[in-house]
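Please examine the sequence and the structure shown below.

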Amino acid sequence: MLSTADLMRKARAAGLVIPAFNTPYLPMVEPVIRAVVDEDSFALVETALLEWYKFGAESAAAVAAEFQKHQDPAHVRLHLDHVPVIDEDGKRWDYLAVIAEALAVGYQSVMVDGSRLDLEANIGATRVVAELSHSAGVPTEAELGAVLGHEAGPLPPYEELFKSGMGFTDVGEAKRFVEETGCDWLSVAVGNIHGAISGAMADQKKPEAKLNLKHLDKLSAATGIPLVLHGGSGVKREHVLEGIKRGISKINVGTEIRQSYEQALRDSGSITAAQDAVYDRTKWVLRDYYGVSGDSKTLVG
Ligand SMILES: [Zn+2]
């Protein structure tokens with residue numbers, strides 16, 4: 001069986017993308033997997049640490065148990081999204097313990113997020129996680145630059161953010177970061193933003209984001225590894241498709257399917273109806289938005 005690391009390298013070489021679907025509520029896992037299988041795509045199922053306690057995903061172990069019930073290695077693998085060293089509320093986490101626990105319950109790739117640290121500290125934290133995950137035969141994703149949006153409070157106007165390149169991943173730093181940490185995939189900031197998760201903002205539609213494709217080219221050339229786009233739903237579609245050809249090998253999809261679930265649950269009071277809404281939206285993302293139907297054959301063989 002090819003590892004998730006192998007599949008990501010294959011995707012990068014072929015100019016294909018592996019979508020990663022966040023399942024902040026446990027009943028989302030089944031319809032996401034069903035949609036991926038029905039589209040014969042290949043995707044990751046992921047949750048971030050904040051989704052365990054701010055939403056309904058409970059814990060790394062609870063998500064892993066739900067995943068194992070429905071898993072299909074030719075179509076889906078389990079990924080641990082954002083484990084922050086310092087989170088969006090300024091809280092410090094014992095990130096190594098969280099990641100060690102996830103590895104113990106069978107996660108097939110992990111992410112450490114040291115992006116709120118200075119460069120040296122981010123390198124230090126990421127290197128330790130990469131060593132730990134590699135000893136378990138599992139790749140590590142890291143983040144450099146600031147993918148804004150999870151913090152409470154409004155963002156500056158998007159156009160201003162984009163023009164100024166505020167928070168964009170620096171090319172020289174990215175090269176050094178990858179060399180010194182041994183991380184396998186890098187989450188970059190090139191205009192993408194996270195969906196809001198706090199208060200009334202969590203229901204709002206994200207502003208349409210763009211990608212600075214020239215900057216992305218430089219990051220891809222400097223690092224030589226698969227790049228990851230967070231905040232993938234809500235980026236201008238032509239930019240996303242171009243980005244995939246230029247080295248984005250994984251795209252996180254969070255807000256898009258979470259809001260489908262929550263909306264349907266509010267409207268109907270039925271978890272089954274909410275699961276159906278997630279299934280439909282996931283199929284739409286795979287087939288109509290990213291065009292990755294049938295990719296399982298190419299990637300997994
Ligand atoms: Zn993210």
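## Terms and basis

Contact means that heavy atoms lie within 4.5 Å. Helices (H or I, at least four residues) and strands (E, at least two) are DSSP runs, numbered from the N terminus.

This is a predicted model, in which local features need pLDDT of at least 70 and side-chain atom pairs count only at pLDDT 80 or more, while totals for chains, interfaces and linings use all residues. Residues are numbered from 1 along each chain as its sequence is written, and side-chain values use heavy atoms, with hydrogens and water left out.

## Helix H12 and its partners

Two packed helices are described by the angle between their axes and the distance between the axes. Helix H2 (residues 29-38) packs on helix H12 (residues 271-289) at an angle of about 35°, and the axes are 8 Å apart (axes are lines fitted to C-alpha atoms, for helices over the stretch in contact, and angles run from 0 to 180 degrees between N-to-C directions). H2 passes H12 in a right-handed crossing; a crossing is right-handed if the near helix is turned clockwise from the far one by less than a right angle, and left-handed if anticlockwise. On the H2 side, Glu-30, Pro-31, Val-32, Arg-34, Ala-35, Val-36 and Asp-38 meet residues of H12 that include Gln-275, Tyr-279 and Leu-286. This contact of H2 with H12 holds seven nonpolar, two polar and five charged residues (Ala, Val, Leu, Ile, Met, Phe, Trp, Tyr, Cys and Pro count as nonpolar, Asp, Glu, Lys and Arg as charged, and the others, Gly among them, as polar).

Helix H11 (residues 255-268) also packs with H12, at an angle of about 150° and with axes 8 Å apart. H11 and H12 are therefore roughly antiparallel to each other (angles over 145 degrees count as roughly antiparallel, under 35 as roughly parallel, 65 to 115 as roughly perpendicular and the rest as oblique). The crossing of H11 past H12 is right-handed. Among the residues that meet are Ile-257, Tyr-261 and Leu-265 in H11 and Val-278, Trp-284 and Val-285 in H12. By class, this contact of H11 with H12 has 11 nonpolar, four polar and two charged residues.

## Helices H8 and H9

Helix H8 (residues 171-181) and helix H9 (residues 213-223) have axes 8 Å apart and pack at an angle of about 25°. H8 and H9 are therefore roughly parallel to each other. Val-171, Ala-174, Lys-175 and Val-178 of H8 make the contact with His-215, Lys-218, Leu-219, Ala-222 and Thr-223 of H9. Five of these residues are nonpolar, two polar and two charged.

## Residues with positive phi

Most residues other than glycine have a negative phi, and most peptide bonds are trans. Asp-40, which is not a glycine, has a positive phi of about 50°. Asp-40 is placed in the loop between H2 and strand E2 (43-48). Glu-58 also has a positive phi, near 70°, and lies in the loop between helix H3 (49-53) and helix H4 (60-70).
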